Amino acid sequence: MPMKRSAAATLAAALCLLTAACGSSAEEKASDGTTEAAASKSGYPVTLDNCGEKETFKKAPSRVVVMNGASVAEVSTLLALGLQDKIVANEQTYGMSEVADRAAAIKDLPTGDIKLNDAYDIPREAMLGLRPDLVLSVTTYGFDQKNGFATREQLKQVGANSYVSPQGCDDDPAKMTVADSYRLLRDMGKIFNVRDRAEKLIAQSEKNIAAVSEKVKGKKKPKVMVLFSNMAMGSNDFSSVFSKGIANDILAKAGGANAFENASQALFADLSKEKVAATDVDALVVISYNDPNPAAYAKKLLKEFPQWSAAKNNEYVVLSDSMYLGPSNDLAVEKIAKMLHPEAF
């Protein structure tokens with residue numbers, strides 16, 4: 001059974017994937033490119049329509065604060081774009097990554113020496129004291145006054161822009177796809193005037209995924225269980241099992257399907273041990289969230305349910321930041337596909 005965490009930690013973990021394509025920009029709406037042309041050679045000003053808020057950037061931000069929300073999507077995106085020197089405080093970490101040296105690079109980032117609140121995030125006064133010019137939040141929760149956070153209006157009054165990541169506007173991560181990861185990259189590319197870098201990353205990811213999907217095209221789709229390692233989010237034994245969202249898009253691109261896709265209309269299914277035992281699982285994807293030994297958790301599950309095809313064939317893979325919103329979804333697609341269809345590689 002997953003370890004029980006505090007209510008605050010559980011909330012933070014649930015927020016990690018609450019990230020709606022809310023970053024459409026004025027530039028994208030101008031089909032003739034006039035807005036981008038008007039930005040001159042400097043690339044500015046840039047205006048984004050983000051969750052109903054108009055955010056105008058007159059220059060590249062240089063004092064960025066990355067809020068937690070139990071995510072690494074935002075900080076990983078900044079690192080992938082080479083923008084680590086712009087970060088003055090980062091509260092995001094998962095302890096591991098499919099990208100070489102990323103976990104260490106995140107660990108080396110400044111934290112601002114902030115005393116976090118009960119939601120494991122930056123309270124209002126501490127945020128204002130950091131003198132940010134851009135604050136990134138996974139969802140609108142990070143700018144909610146009743147939770148003790150600085151609001152977007154309060155940040156604007158001190159000259160700071162703010163940004164809510166894809167799916168964070170509507171708090172509906174069940175609709176998230178890999179396209180939302182590309183939206184986050186594109187929006188950061190515009191904000192920091194590194195559009196070419198963003199487009200290059202997106203193009204490479206699309207190319208990698210297309211190559212993998214072509215290799216597994218037409219093959220039988222094994223049923224996969226995707227869940228967080230040692231994480232409890234509900235009342236049942238298995239409450240961190242993915243039912244909807246970006247995990248399903250990644251599985252489909254890798255030639256698989258979610259064994260629990262119909263278990264819930266929400267992002268996570270809250271399942272009893274009996275329900276899990278009654279479902280045949282062909283393979284297991286365990287996602288690590290600061291778990292030092294997620295492979296041990298995977299092996300424990302396979303031993304607990306010996307009737308699974310996954311247990312009989314020892315089919316599992318451990319992943320972390322590539323499995324949800326962020327710049328590395330192509331790595332998850334490839335690793336899962338190689339597990340499900342080794343003969344295709």
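**Working chat**

Me: Starting with F305, buried or exposed?
Reply: F305 counts as buried, at 2% relative accessibility. Buried means under 20% relative accessible area and exposed over 50%, with partly exposed in between (1.4 Å probe, protein chains only).

Me: What sort of model is this?
Reply: It's a predicted model, where local features need pLDDT of at least 70, side-chain atom pairs count only at pLDDT 80 or more, and totals for chains, interfaces and linings use all residues. Residues are numbered from 1 along each chain as its sequence is written, and side-chain values use heavy atoms, leaving out hydrogens and water.

Me: Back to F305, which aromatic pair does F305 form?
Reply: F305 and W308 form a stacked pair, 4.6 Å centre to centre with 15° between the planes. Rings of Phe, Tyr and Trp (its six-membered ring) pair if their centres lie within 6.5 Å; planes under 30 degrees apart count as stacked, over 60 as edge-to-face and the rest as tilted. W308 counts as buried too, at 0% relative accessibility.

Me: How many aromatic pairs are there by that rule?
Reply: Nine. One of them, F242 with F268, is tilted: 4.8 Å centre to centre, 55° between the planes. F242 lies in strand β8 (residues 238-242) and F268 in strand β10 (residues 268-271), so the pair ties together parts that are 26 residues apart in sequence. Helices (H or I, at least four residues) and strands (E, at least two) are DSSP runs, numbered from the N terminus.

Me: What about the nonpolar core, which residues have the most contacts inside the largest one?
Reply: V285, M323 and I336, in a core of 62 residues. A nonpolar core is a set of buried Ala, Val, Leu, Ile, Met, Phe, Trp, Tyr and Cys residues joined through side-chain atoms within 4.5 Å. Apart from that core lies another, of 19 residues, among them A259, F260, L271 and F305.

Me: Switching to the sheet, what's the strand order?
Reply: Four strands form an open sheet, β4-β3-β5-β6, with parallel pairing. Two strands pair if DSSP finds at least two bridges between them. The edge strands, β4 (87-90) and β6 (161-164), each pair on one side only. Between β3 (residues 64-66) and β5 (residues 134-137) there are three bridges, and V65 stands opposite V135 in β5.

Me: Which strands does helix α8 touch?
Reply: α8 (residues 178-191) packs on the sheet, touching β5 and β6, and its direction makes about 165° with that of β6. Contact means heavy atoms within 4.5 Å. Axes are lines fitted to C-alpha atoms, for helices over the stretch in contact, and angles run from 0 to 180 degrees between N-to-C directions. Twelve of the 14 residues of α8 are buried, so the helix is largely enclosed by the rest of the structure.
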